[in-house]
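Please look through this structure with me. My notes cover rings, a charge and pockets.

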Amino acid sequence: MNWMVQAKNLIYDYLVEKNEEEEPVRFRALDDLTLDVKKGDFIAILGRNGSGKSTFAKQINGLLKPSSGTILVNGMDTAQEKNLLPIRQKAGMVFQNPDNQIIATIVEEDVGFGPENLGVPTDEIWKRVEKSLSQVGMLHYRKHSPNRLSGGQKQRVAIAGVMAMKPDCIILDEPTAMLDPSGRKDVLDTVLELKEKEQVTVILITHYMDEVVGADEIFVMDHGRIAMQGTPREIFAQVDRLKELGLDVPQVTELAYELRRDDWDLPECVLTSEELREELIRLWQ
Ligand code: ADP
Ligand code: MG
């Protein structure tokens, strides 16, 4: 089977309590969302605040269940209770705040926590801890206290904790939002290396456009729906539409777009500074 995630006509309503007397009000956070993720792909989900990205992420590992519609993870329906444990092992989550996801007082114990909960034998746990810490470049810190690490290092430990559960898919919900630029880069490079070397499917939710330029596919959410879907080049060619949806484009894309509007002979979408450099050299030759 080729699909890691298959979401079909997904609807999710939060029930919001106003006060004791009144019935809770329904708030529709996912509104007929259909989206498939191919195994081994790196997909990115963009969308303004409140567009439903985190709600969708929580559907993937069964933290929230559909109000209607279905979501299958590796062919398993999240609506069935018996599937939840295997789904959570297959699809690991990394959240925005590294401090909320580190539990133990020593890095290696933290990374071992997930497999321990899965009932993995002790010697196998230690093997996995070592392997996943080295995969994220943090083996050297195995005996350290997580408190003393930088935000980027903490996120890499959190990613190692997910990898130690041998997932097929890793879902990162704004993992770099609280990091400085160098921490952001380390975390993103780590994730992309895992994708290449371990063939994990990566679902990245982010506000940073430069992080998604290398994605296989981008989905833009708006009001709980998929508003745009395509390759980075297809998506970032539509600068005006992205702006309507409350999003930026990569800086270099924006610059090329402005120049093109001033009648410079540039392609419809320039994604990297290297591409722009080549185009400018061509124009000036
Ligand atoms: P995003 O991650 O794209 O910012 P969310 O999925 O967090 O969006 O939220 C989607 C919508 O659902 C927002 O309007 C948000 O206010 C609402 N929402 C999120 N969590 C809850 C909740 N626990 N109860 C009620 N409404 C919620
Ligand atoms: Mg969110």
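The numbered points below concern a predicted model.

1. Start with the aromatic pairs. The count comes to 2. In one of them, the ring centres of Y12 and Y14 are 4.9 Å apart. Their planes meet at 90°, so this pair is edge-to-face.

2. Check how open these two tyrosines are. Y12 has a relative accessible area of 12%, so it is buried. Y14 has 27% relative accessibility, so it counts as partly exposed.

3. W264 and W284 also form an edge-to-face pair, with 6.3 Å from centre to centre and 75° between the planes. This pair links distant parts of the chain, 20 residues apart. W264 sits in the loop between α9 and α10, while W284 belongs to helix α10. W264 is partly exposed at 33%, whereas W284 is exposed at 63%.

4. Look next at R184. Its charged end lies over the ring of Y208, 3.5 Å from the ring centre.

5. Now the largest pocket. Its volume is about 580 Å³. It has 21 lining residues, and M93, G114, G161, V162 and M165 lie nearest the centre. Helix α3 gives the most to this lining, with 5 residues. By class, the lining holds 12 nonpolar, 7 polar and 2 charged residues.

6. The second largest pocket has a volume of about 240 Å³. It is lined by 14 residues; K131, Q135, M163, K166 and E198 are the closest to its centre. Helix α4 gives the most here, with 6 residues. This lining has 4 nonpolar, 3 polar and 7 charged residues.

Terms used: Residues are numbered from 1 along each chain as its sequence is written. Chains are lettered from A and ligands numbered from 1 in the order in which they are written. This is a predicted model: local features need pLDDT of at least 70, side-chain atom pairs count only at pLDDT 80 or more; totals for chains, interfaces and linings use all residues. Side-chain values use heavy atoms; hydrogens and water are left out. Rings of Phe, Tyr and Trp (its six-membered ring) pair if their centres lie within 6.5 Å; planes under 30 degrees apart count as stacked, over 60 as edge-to-face and the rest as tilted. Buried means under 20% relative accessible area, exposed over 50%, partly exposed in between (1.4 Å probe, protein chains only). Helices (H or I, at least four residues) and strands (E, at least two) are DSSP runs, numbered from the N terminus. A charge sits over a ring if NZ of Lys or CZ of Arg is within 6 Å of the ring centre and within 35 degrees of the ring normal. On a 1 Å grid over the protein atoms alone, a cavity is a set of points where a 1.4 Å probe fits but cannot get out, and a pocket is an open set with protein on both sides within 12 Å along at least five of seven lines; lining residues have an atom within 4 Å of a point. Grid points are joined across faces, edges and corners, and a volume is the space filled by probe spheres set on the points. Ala, Val, Leu, Ile, Met, Phe, Trp, Tyr, Cys and Pro count as nonpolar, Asp, Glu, Lys and Arg as charged, and the others, Gly among them, as polar.
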